[in-house]
Amino acid sequence: MQNDLITEFLAAVPLPALLVDQTERIIAANPDALTLLGQQITGRHFATILRQPTVLDAIEAALRDKRPHQARMLSNDGAQDTSYDVICRYVNGIGAVNGGAVLISFQDVTHLEQAVQMRRDFVANVSHELRTPLTALMGFIETLRGPARDDAGARDRFLGIMEGEAGRMNRLVGDLLSLNRVETEERVRPKDTVNLTETLEATITSLRPLADDAQVKLSLAAPEDPVFVVGDADQLRQVFTNLIENAIKYGGSGGRVDAVLSASDRDPAVRGPAARVQVIDKGPGIDPVHLPRLTERFYRADNHRSRELGGTGLGLAIVKHIINRHRGRLRVESELGQGSVFTVILPK
């Protein structure tokens, strides 16, 4: 009767859980624990199953002093490293000769560990991105105060470089603020009606001087009737400005960049009426190995070229969050030597 009650009790625990009594053997485990640790663990000594020293120490201490203990268990689920908080609590009156047992539960904290690591990586990346132009600025300031003090030509050249580095920091800070804003608003879906045709036409007009300087032909193909979606006009303009500007800078060697707008009554990507905007270039393309990570913060397929062209590494991350806010989809297709296609799918 007691064993049946223990089994029912453990099955109701919403975490992987097992019991170890004073014989130091596992006397019961719920289905989640069996999935995590193996199907044949009942009756075995806990040290043969949970081999990590900190976990073993916590269980042994709980059996000895009957007080709560906790440890961290590191594992791997076959796809990624995982982390569990192992929580030990003593239960009187059960187990061998009713001598008591330790209830051991496993709380998955992998997502918390990943969040901490992402924050560390983010701070490290921001520090690196700011330190590089700051170091250059400090070096040129020192030179202008010393050897180049009376050299007008060097002074003008150095001031031009300093202006570029200051602009780079300003763009980075602007993109960081923009990223923070769109992440904050991501769960709040826009409610305004946006004329997507007008938004794209305005974006093309603003970027035409950049395209002309790069000797890139910039075009827009759209239906005769305006296409409307529910959205935030400023944010959608930011999305298309980023994608078209990237296409000009990185794919402009193909000589042309095309924006294509279309609409349908049912798009399988959003399972309903939607508008699609494709930004197509004929440039060198992107190695497929980079495609899954393009929207990560500070990820660059070509670090040197991106910095050379003033990229902050945050543009596509901002695009992703804005499209998520609109409950849309971003698709990227590219092959080396064949150009790239960035497709934005927005529900109507």
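**Reading helix packing, cores and phi**

Modeller: α4 and α5 cross in a left-handed sense. A crossing is called left-handed if the near helix is turned anticlockwise from the far one by less than a right angle, and right-handed if clockwise. Element names follow DSSP runs numbered from the N terminus: helices are H or I with at least four residues, strands are E with at least two. This is a predicted model, in which local features need pLDDT of at least 70 and side-chain atom pairs count only at pLDDT 80 or more, while totals for chains, interfaces and linings use all residues. Residues are numbered from 1 along each chain as its sequence is written, and side-chain values use heavy atoms, with hydrogens and water left out.

Biologist: At what angle do helix α4 and α5 pack, and how far apart are their axes?

Modeller: Two packed helices are described by the angle between their axes and the distance between the axes. For helix α4 (residues 110-145) and α5 the angle is about 160 degrees and the axes are 10 Å apart. Axes are lines fitted to C-alpha atoms, for helices over the stretch in contact, and angles run from 0 to 180 degrees between N-to-C directions. α4 is therefore roughly antiparallel to α5; the classes are roughly parallel under 35 degrees, roughly antiparallel over 145, roughly perpendicular from 65 to 115, and oblique for the rest. The contact of α4 with α5 comprises 17 nonpolar, 2 polar and 4 charged residues. Contact means heavy atoms within 4.5 Å. Ala, Val, Leu, Ile, Met, Phe, Trp, Tyr, Cys and Pro count as nonpolar, Asp, Glu, Lys and Arg as charged, and the others, Gly among them, as polar.

Biologist: What is the angle between α5 and α9, and which hand does their crossing have?

Modeller: α5 and α9 pack at about 20 degrees, with axes 9 Å apart. That makes α5 roughly parallel to α9. Their crossing is left-handed. On the α5 side the contact uses Asp175, Ser178, Leu179, Val182, Glu183 and Glu185, and on the α9 side Ala317, Ile318, His321, Ile322 and Arg325. By class these residues are 5 nonpolar, 2 polar and 4 charged.

Biologist: How many residues of α9 are buried, and what covers them?

Modeller: Buried means under 20% relative accessible area, exposed over 50%, and partly exposed in between (1.4 Å probe, protein chains only). In α9, 9 of its 11 residues are buried. Among them are Gly315, Leu316, Val319, His321 and Arg325. Their cover includes α5, α7, β11 and β12. Thr295, in the loop between β10 and α8 (303-308), is in contact with Leu316, Ala317, Lys320 and Leu330, leaving aside neighbours within four places in sequence.

Biologist: How do helix α6 and helix α7 pack?

Modeller: Helix α6 (residues 196-213) and helix α7 (residues 233-251) pack at about 40 degrees, with axes 9 Å apart. The two are therefore oblique to each other, and α6 passes α7 in a right-handed crossing. Residues making the contact include Leu196, Ile204 and Leu207 of α6 and Phe240, Ile244 and Ile248 of α7. The contact divides into 12 nonpolar, 4 polar and 2 charged residues.

Biologist: Which residues touch the most other members of the largest nonpolar core?

Modeller: In soluble globular proteins, nonpolar side chains tend to be buried together. A nonpolar core is a set of buried Ala, Val, Leu, Ile, Met, Phe, Trp, Tyr and Cys residues joined through side-chain atoms within 4.5 Å. The largest one here has 42 residues, and Leu196, Phe240 and Ile244 touch the most other members. Elements giving two or more residues to this core include α5 (152-185), β9 (256-267), β10 (272-281), α9 (315-325) and β12 (340-347). Its largest share, 7 residues, comes from α7. Ile244 touches Thr203, Ile204, Leu207, Leu218, Ala259 and Val279, not counting residues up to four places away in sequence. A second, separate core has 26 residues, including Ile41, Leu50, Val86 and Phe106.

Biologist: What phi do Gln215 and Arg327 take?

Modeller: Most residues other than glycine have a negative phi. Gln215 has a positive phi of about 55 degrees although it is not a glycine. Gln215 sits in the loop between α6 and β7 (217-221) and, at 70% relative accessibility, counts as exposed. Arg327 lies in the loop between α9 and β11 (329-334) and counts as partly exposed because its relative accessibility is 33%.
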